[in-house]
Amino acid sequence: MTIGALTADGRGRLLNDGNQIPLLGLGVWQMSDGRECEDAVRWALELGYRHIDTAQAYGNEESVGKALLASAVPRDDIFITTKFLPGNRDPVAAMEQSLRRLGVDHVDLYLIHSPQGDATWAWPGMERARELGYARSVGISNFNATELDEVIGVGTIAPAVNQINFSSLQYRKALLEACERRGVVLEAYSPLGTGRHLGNQTVRLVADRVERTPAQVLLRWCIQRDIPVIPKSTHRDRIEENADIFSFQLSDEDMRALDALDETGGTDRAVEHPWW
Ligand code: A2P
């Protein structure tokens, strides 16, 4: 299989290190530690999700860990991502803490949460975490095209993934193309615009036409581009709805209408206003 290709079941993508990432995951950003996060992860696993995305910065790795422990789904069937918070300074030491909180001996993907400080300083520590077996794959998040090249320049391996704010309204086409050219899979966070895109008129029109919900249309737009996507919801019915995106297709015309919603000008930037 070539880098970036879809897996045989059409629901995953091959990474540049030979591992596979499921296209659909549950994002747990903005879920409070405790019941809310535990329930969401538990429901997602019951409903067939096999990919959970957390971060040191979210403060809810322990809840993710509790839900994983309580689940009947074998650990090896679940793709777990966490992210290195640059304020933690040492990716290896910070990962040891994450593993303890998550109650696992490795994660599947470990990302630098942002290029805080500069783009490259944390990368050797990320590679070390991988060599130690703490993470099967390593990558970056919120890196623009220039920062991606800087990491590739210092690394002995390239990032497997760049996770960024991406959706039809944040269609960062130049960054997507830069990632694809370098064999890096772009992963979309905030695919629903943290809920804001659900009321968009074009999204609603397309949803009416295909008899799906606005959330399903926005998520399908990513999946149809083979882009892994991690919608967040704390409601069981929405978690279920967001997973039902493999049984329909958007026409070329609808894809073009959604592409045209881009508000970023096709930028190669990962975010408009860095918060770090
Ligand atoms: P909630 O968690 O209360 O269900 P994003 O994934 O872009 O960050 O968007 C997450 C936001 O969208 C959350 O506010 C979430 O609310 C909401 N949301 C997620 N899925 C759906 C859905 N299927 N229908 C309506 N709102 C949704």
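This is a predicted model: local features need pLDDT of at least 70, side-chain atom pairs count only at pLDDT 80 or more; totals for chains, interfaces and linings use all residues.

Colleague: Which helix gives the most to the shell around the ligand?

Modeller: Among the residues that come nearest to the ligand are Lys232, His235 and Arg238. Looking at helices, the top contribution to the shell is three residues, and it comes from the one spanning residues 236–243. That is helix H9.

Colleague: Which residue has a side-chain N or O atom 2.7 Å from an oxygen atom of the ligand?

Modeller: Pro191 has a polar backbone atom 3.4 Å from a ligand oxygen, while a nitrogen atom of the ligand is 2.9 Å from a side-chain N or O atom of Asn242. The protein covers 83% of the 570 Å² of accessible area that the ligand has on its own. The residue at 2.7 Å from a ligand oxygen is Arg238.

Colleague: Why is the pair of Phe84 and Tyr110 described the way it is, and what is it called?

Modeller: The structure holds six aromatic pairs. This one links distant parts of the chain, with Phe84 in strand S5 and Tyr110 in strand S6, 26 residues apart. The ring centres are 6.4 Å apart and the planes meet at 70°, which is over 60, so the pair counts as edge-to-face.

Note on methods:
Residues are numbered from 1 along each chain as its sequence is written. Side-chain values use heavy atoms; hydrogens and water are left out. A residue is near a molecule or strand if one of its heavy atoms lies within 4 Å of it. A polar contact is a pair of N or O atoms within 3.5 Å; within protein, one must be able to donate a hydrogen and the other to accept it, and residues adjacent in sequence count only if both atoms are side-chain atoms. Accessible areas come from the Shrake-Rupley method with a 1.4 Å probe; for residues, only the protein chains shown count as cover. Helices (H or I, at least four residues) and strands (E, at least two) are DSSP runs, numbered from the N terminus. Rings of Phe, Tyr and Trp (its six-membered ring) pair if their centres lie within 6.5 Å; planes under 30 degrees apart count as stacked, over 60 as edge-to-face and the rest as tilted.
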